[in-house]
Amino acid sequence: MEIFLIRVLQFMLAISILVLLHEGGHFFFARLFGIRVEKFYLFFDPWFHLFEFKPKNSQTTYGMGWLPLGGYCKISGMIDESFDTEQMKKPAQPWEFRSKPAWQRLLVMVGGVLVNFLLALFIYAMILFHWGDSYIPVRNMTHGMAFNAEAKSLGFQDGDILVGTENGEFKDFNADLYRDISEARRVDIIRAGKAMSISLPGDLNLLDMLQTQPPFVRPLIPAEVDSVLPGSAAATMGLAKGDRVVAVNGKSVNSWNAFTDEIGRLSDVLAVAKTPADSMKVRKAVIVAVRGGRADTATVLLSPDLKLGFTVKTVAAMYKPVTIEYGFWESLPAGVGYGVDVLKGYVSDMKYVFTPDGAKSLGGFGAIGSLFPPTWDWYLFWKMTAFLSIILAFMNILPIPALDGGHVLFLLYEMITRRKPSENFMIRAEYVGFAILILLMVVANMNDILRWLGYM
């Protein structure tokens, strides 16, 4: 419960910051051009609001709604999510959005997206300034990688040290490495101390690479005992720090990755066991371990969740990270570069959304909230907030009616053709766009529910 609350609080704080500044971007340009802003709200307020106030001599009412799905800035003379069609039936006033030149209206509409994108770049820059850039170079992972069957069919072998592709050297092990491999026609590796290259088709499915179990590539972790849980099967068979597990039920395992894969296969068998006797049969395992250069074999009873009861070193404990420090002025261009790379990767991955598997991978509020760490970590919080800011900027600029990008599209049409779309058309387009957004939201959050229930 504590982990859930911490994630909810981080999610709510991040969304509040992003929504306030996004709507603030619209507000800034609207007031700059003398356009009246009637309401400025954090969260939506159907039927009632939590609070609101209107400063003396101000034409804007500020408040907070109860529905945390975003926020809004109600601008006079504009067709938006408020669907205030009565206002649009009255003669246009000088202070209204519709009375201003197209270029001013365009800046009002892109103001939110601009602020979100600049905010992300600034956050990334300040992260680099405060914490620096700490990572483990892939080339320094001397135990190499563990690959799944698909990767091995392409020529990779367990223990290969990844170096880079024809487009450059790998930096650290993250989603960018997967993306680079999926688009590569050549991957440079070190195998048994010798440099060599593997040819690839250049169009591997990134979604499949990430979602298959085991995944396409993982850092290889030796199956060497680091600690033993008291009272566990590992303790019963006498495993100790430094021992290596080399086989499970007669199948050789050359790494912790291979060991967990074998346990995963046992889990599949356990899931279809019909009787307690069948379950006990699955839980009874023959383990071979090497200690002091001698192999010992033991038959043990795994825990109900098929745990042997020992841990291994993490990747972070196995390798020394490299940290690059940045001064304030150095952090600014570095933050811009980092943010642009994140945006490029996100845009590149959008093509998978329009596939069946991509639609299934869509996530709603639950999926986004789970991206935040289970403990309050300011570094990860700000990194996640910057990423969400880029997503919010990109999604809002898509040419969908009811989003900023839809309004931008119609404004560009007006500026090019010198013809303004009719208000009836704009109202109908807003309804269509709003329906599309609701449908996407329902699909994304339904995916969250189905994943939680174990159906996806």
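**Strand pairing and overall build**

Me: Which residue in E7 does Thr165 stand opposite?
Reply: Strands here are DSSP E runs of at least two residues, numbered from the N terminus. Strands pair if DSSP finds at least two bridges between them. The model is predicted: local features need pLDDT of at least 70, side-chain atom pairs count only at pLDDT 80 or more, and totals for chains, interfaces and linings use all residues. Thr165 stands opposite Val187.

Me: Over how many bridges do E5 and E7 pair?
Reply: Residues are numbered from 1 along each chain as its sequence is written, and side-chain values use heavy atoms, without hydrogens and water. E5 covers residues 161–165 and E7 covers residues 186–191. Their sense is antiparallel, and the count of bridges is four.

Me: Which residue in the hairpin of E7 and E8 takes a positive phi?
Reply: E7 and E8 (residues 194–199) pair in the antiparallel sense over six bridges. Arg191 stands opposite Lys194 in E8. Two residues lie between the strands. The one with phi near 55° is Ala192.

Me: What share of the residues in the protein is buried?
Reply: Buried means under 20% relative accessible area, with a 1.4 Å probe and protein chains only. The protein has 456 residues. The buried share is 41%.

Me: How many helices and how many strands are there in the protein?
Reply: Helices are DSSP runs of H or I with at least four residues. The C-alpha atoms fill a box of roughly 90 × 50 × 40 Å, taken along the principal axes. Within the protein the counts are 16 helices and 16 strands.

Key. Buried means under 20% relative accessible area, exposed over 50%, partly exposed in between (1.4 Å probe, protein chains only).
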